[in-house]
Structure formats: C-alpha cells, structure tokens
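I am opening a notebook page for a structure that is new to me.

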Amino acid sequence: MLILSRRVGESITIGDDIVVTVVAVGSNQIRLGIEAPRQVRVLRQEIVQAIKDENHAAANAADCTRRFGDVVKQLRDKAGERTSS
Amino acid sequence: MLSNSCVTKPVSAPAAEPSAAAALASGLLGREVNFPAGLLGFPDCQRFEFSHFEAGDGVSSPFFVLHSRDRELSFLVIHPDWVTLDYCLPLSAEGLDGLGVRCEQQVMPLLIVTVRERIEDITVNLQGPLAIGIDSGIGVQLVVEEYPLRFPLIVK
C-alpha cells in the first residue's frame, strides 16, 4: 500500500481525472473531498463489503424451494391489505 | 446525448400494483441478462438466465431467479413493489446509458432475497438493488446507501 502524508487542503491525484483532497482533520476522523468523473462510483468501503457479504449469503437460491408456498401466500395477503386500504 | 426529461428523476416503483412487475418481467423471461461488471463479490458472474421461480406447489410466485451461466449459483429476486411501496432506484442519465435504455420505464428493478431458515428471518437487500434494461438485457448492481441491507420480506 502506498502511504502518503498530506495536510489539510492538500490533494493527491489518482490517474488522470481523480483528485482526493483532505478537507478537514478531527480527533478520530478526516473529511475527504473527491473529484471524479460521473461514471466512477465512489462508495464507502464497508458498505460495498456488506453488500458483497450479503450477495454471498444470498447466492444459494437453488435450495430455497422449501416452504415457499407459504411465503408467497403471506406476500399476497400483505399486498392485498395494502391495495385495499 | 439524452434529453428525455424522465431521466432526471429517480425511478419510482409503480404504486401499489405488483402486477406491473410481471409485465416488466415478461420482457426478460427466458433471456440471458448480462452484468458487465458482475455482481458485487462475484465479478466473474456476468451472464445470467432470468426465469420465473416456481414455488413447487402450483402457486404462482412473485419471485424470479437469476441463474449464473458462469458459476453454479443463483439468486432469488423480487420486484420492490412486493416489499415496499416507496422505493426508488437512483439512476442518472449515465446510468441509463450504461443499461442501454432511454428512460426509467425500460428498467426492471429487482431486489435480491436472502433466504433463511425461518420465514420471518428472510430479508431483501434494498441497499444493493439490481437494475436491468428490458430491451438490452444489460444489468448492474447499484449501491443505495440510504436503504437498509436487510429488510424483512414479510413485515409482521
């Protein structure tokens, strides 16, 4: 991992068109400003990791056929209640 | 360059009419759906077959299955209308471009279902929804930080 020291107001560039600026430094967190092209997704890493983990937990749909008749019935009942209220 | 006004606001789920999901899905059934970037955590899973999920007891089901053609795995998915009424996909003009569609009405939103042992523990992922262009068959997994990762499928 490349490790750089920066002060508030200083930046780094990644590639040709991404700039990350240190905006503020607190006691245990820093604020970053990120300039990137619109098609570049900038996301909090822990959120991406949580979705990856959830995808792994969900990737077994082939063996979920048990009890699904009951699940479908409850969903239909719920949708019916919503549309009639 | 897209000028269609419908691309400027987020995709809204059609109000209180889950059958709208079936109409959208009919354009995808039996077809191959391509996720050029894969799914999060599964970058090598790009080609999926989209099919209806049969509950096995003759009950028509609101669920669909995305079965990977690259690996032996599949995802159970459902249209957001079945789960919550006020769900919006944040799709920009660039996002719609990437799905090969002109406006939000041509996008099928889907939530991945995480099946657990007890029915009341089954959840849907509102934070990492799928968006699939109906005509293009191109899909992407979005990240919507303000929605929960695990939302109960059946709310008591």
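**Sheet in chain A.** I began with chain A, where three strands form an open sheet in the order β1-β2-β3, with antiparallel pairing; strands here are DSSP runs (E, at least two residues), helices are DSSP runs too (H or I, at least four residues), and both are numbered from the N terminus, while two strands count as paired if DSSP finds at least two bridges between them. The edge strands are β1 (11-14) and β3 (30-35) of chain A, each of which pairs on one side only. I noted that neighbouring strands of this sheet are turned by 25° against each other on average, direction ignored, the axes being lines fitted to C-alpha atoms. Between β1(A) and β2(A), residues 18-25, I found four bridges in an antiparallel run, and S11(A) has T21(A) in β2(A) as its bridge partner.

**Basis of the entries.** The model is a predicted one, in which local features need pLDDT of at least 70 and side-chain atom pairs count only at pLDDT 80 or more, whereas totals for chains, interfaces and linings use all residues. Residues are numbered from 1 along each chain as its sequence is written, and chains are lettered from A and ligands numbered from 1 in the order in which they are written.

**Where the chains touch.** I then looked up the contacts between the chains and found 31 residues of chain A in contact with 34 residues of chain B, a contact being two residues whose C-beta atoms, placed from the backbone, lie within 7 Å. On the side of chain A that touches chain B, the elements that give two or more residues are α1 (45-58) and α2 (68-84) of chain A, and the largest share, 11 residues, comes from α2(A).

Leaving out residues up to four places away in sequence, I list among its contacts L28(B), V33(B), F64(B) and L66(B). F50(B) and L66(B) are 16 residues apart in sequence, yet 4.9 Å apart in space, C-alpha to C-alpha.

Key: Axes fitted to C-alpha atoms, helices over the stretch in contact; angles between N-to-C directions.
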